[in-house]
Every structure is written in C-alpha cells, then in structure tokens.
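The following note sets out points for a colleague examining the model.

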Amino acid sequence: MNWKNVFRTLFLPLLCVVMLASCSDDEDSYSDYPTKIMGTWIVTSHGGGSLPHNERSINIFKSNGKQVYASNYSNEEGTRWVVEHENNYRLEGNVLYESGTDWEGKEYSSKSRIRIEGDIMYVSELELIENGEQLETGSYMMHMVTVEDYELTILGTWKGRETTPGVESAHDVYWHYMEDGTFDYYYYDEAAQEYVVKSDNEGKYFLYGDFMATNFKNNILTGGQNRESECWTISINGNRMAWYAWRADGTVATFEMERVESTPVRFIAP
C-alpha cells in the first residue's frame, strides 16, 4: 500500500478544513471590534509603566472611521492641552491603522495590534511614522471612559484649596467654570488684603468622563510666565468636588472644594 497516497487522500483535506476553520475563528473573534472600539479612551500606560496624569492622552474613535486625539504638547511658549482635528482610522481584524496630520501639520501614520477586553484596550507592536521617519515602537494600554461627563455639574463657582500632604494653603481659592469651556481663577492678594480675579489666566478646561485637562497661563504659585497644563481625575458628589493626580516625581497632588453661591469679587473687564 502506498502510504503517501493514503496520507494525501485522508489527511490533507482534513488539514485544510482545520486551517480554514482556524482562520475563520480568528476573523470571527474580531468581528465585533469595529463596535467595541467606538468611544473615548484614555492612554494610562506605556511600555508596561503607568503614566503620570500630565502624560496621559485621549483617543476618541467614531463610527465613521474618524478619530480625534488630544494630549499635552510643549513648545517655546510652554505646555498646553491640544485637541486635534479629525483624522482617519481603520481596522483589519485586530490590526489598527491610523493616519492624518497632527496639530503642527505633520503627516503621520501608524500600525498596531489591539486586544479589547471589557473597557481595556491593549495595544502592541506599535509602529509610528511621522514625515517618513519612524519615531517609536512599543506597547500601551487604554481605558475606556465609562463615567458620565461632569460637563453640567461642574458649572458654577467652587471654593477650596490644595490638600496634598505637606502642602499648607493660607487661603482658599475660587474657580468659576463656564459653559464655553473657560474658567476664572480667584486668589487672595496679600498686599491688597482682598480677593482678586487672575485677569491673565486664560483658563480653559476639557472633560472626558472623570478626566479633566486644564490650560492656564502665568502661574502665581510658582511664578511661571509660560503656558501650563494640568490633568486630573475628578469626582463630584453633590456640592463637593475632589481632584487627584499622580505627578512625574511620584507624588500625588490633591484638591478639595465645595460649591458656593458666587465668586468673592465681581470681575469687571478692562
């Protein structure tokens, strides 16, 4: 008996069936990814290590193959949170392709492999190319925003202070959040012995669930003259609000505040 012919007759067709079934299973296991990926995701880890709040970024995947990216950017003017215009993405199984231009007009493209488990997305084998140059490879992890935005409950005036261990605040400060995404900041002027509004604040805030990014200018606490950005995890319970953020030096900064009826002074624009 020719065993080679027996093998070809009996086992090769079976092997083909198994291989086809395996391929089909792989494709089916990612068939719901176009739906699962839609939503707002926060990049919380890169290369296996957790990212400080100020180094975290936002990816918003829409149903029309469009994507919005937001993160902190630094240049000679300082650091600010930037929300980019819509760019493109597409999925082939569990391979994610992204392309477009960043806020500086530089063209980019990337390819990565993703795995979505519940509200966590694992991204590996990242290849990022900008203006024809490969910038980085690696892996990172994102968490889907599942907390409802505080866009309505944050509106109004809040009084509080920093509660970071080891930090003492002599006076409360005030924040007034407005519907247009801007905020005013009030502090106690020791020389004038009264509260004043920080007229050069240029404050803006951005909410993604319980993640908040803020832009401001001329930090009165540090004396800085450039633009700055800070990111926080926030919670609002009734008339109480709390912030916390892990910083690059390993410390955890915290603030606590309460809702009040009005600001301490009435700001009259010059």
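Which side chain meets that of lysine 159 in a salt bridge? The partner is glutamate 258, at 3.7 Å from N to O.

1. Basis of the note. This is a predicted model, in which local features need pLDDT of at least 70 and side-chain atom pairs count only at pLDDT 80 or more, while totals for chains, interfaces and linings use all residues. Residues are numbered from 1 along each chain as its sequence is written, and side-chain values use heavy atoms, with hydrogens and water left out.

2. The pair of lysine 159 and glutamate 258. A salt bridge requires a side-chain nitrogen of Lys or Arg within 4 Å of a carboxyl oxygen of Asp or Glu; a search of the whole structure finds 13. The side chains of lysine 159 and glutamate 258 form one of them. Because lysine 159 belongs to strand E11 (residues 156-162) and glutamate 258 to strand E19 (residues 252-260), the pair ties together parts that are 99 residues apart in sequence. Strands (E, at least two residues) are DSSP runs, numbered from the N terminus. Lysine 159 is partly exposed at 23% relative accessibility, and glutamate 258 is partly exposed at 30%; here buried means under 20% relative accessible area, exposed over 50% and partly exposed in between (1.4 Å probe, protein chains only).

3. Further salt bridges. Arginine 113 and glutamate 125 meet at 3.6 Å, N to O, and link strand E8 to strand E9 across 12 residues. Arginine 113 is partly exposed at 33%, whereas glutamate 125 is exposed at 52%. Arginine 227 pairs with glutamate 202, the closest N and O atoms being 3.0 Å apart. Arginine 227 lies in strand E17 (residues 227-237) and glutamate 202 in the loop between strand E14 (194-197) and E15, so parts 25 residues apart in sequence are tied together. Both residues also belong to a network of salt bridges that links Glu77, Glu202, Lys217 and Arg227.

4. Aromatic pairs. The whole structure contains 16 aromatic pairs. Rings of Phe, Tyr and Trp (its six-membered ring) pair if their centres lie within 6.5 Å, and planes under 30 degrees apart count as stacked, over 60 as edge-to-face and the rest as tilted. Tryptophan 175 and tyrosine 185 are edge-to-face, at 6.1 Å centre to centre and 70° between the planes. Tryptophan 175 is in strand E12 (residues 173-177) and tyrosine 185 in strand E13 (residues 182-189). Tryptophan 175 is buried at 4%, as is tyrosine 185 at 12%.

5. Charges over rings. The criterion is NZ of Lys or CZ of Arg within 6 Å of the ring centre and within 35 degrees of the ring normal. The charged end of arginine 247 sits over the ring of tryptophan 232, 4.5 Å from its centre. Arginine 115 lies over the face of tyrosine 122, at 4.4 Å from the ring centre.

6. The largest pocket. A pocket is an open set of points on a 1 Å grid over the protein atoms alone, where a 1.4 Å probe fits, with protein on both sides within 12 Å along at least five of seven lines; lining residues have an atom within 4 Å of a point. The largest pocket holds about 770 Å³ of space, a volume being the space filled by probe spheres set on the points. Its lining comprises 28 residues, with Ser57, Tyr69, Tyr73, Leu128 and Glu136 nearest the centre. Strand E4 supplies the largest share, seven residues.

Conventions:
Helix = DSSP H or I, 4+ residues; strand = E, 2+ residues; numbered from the N terminus.
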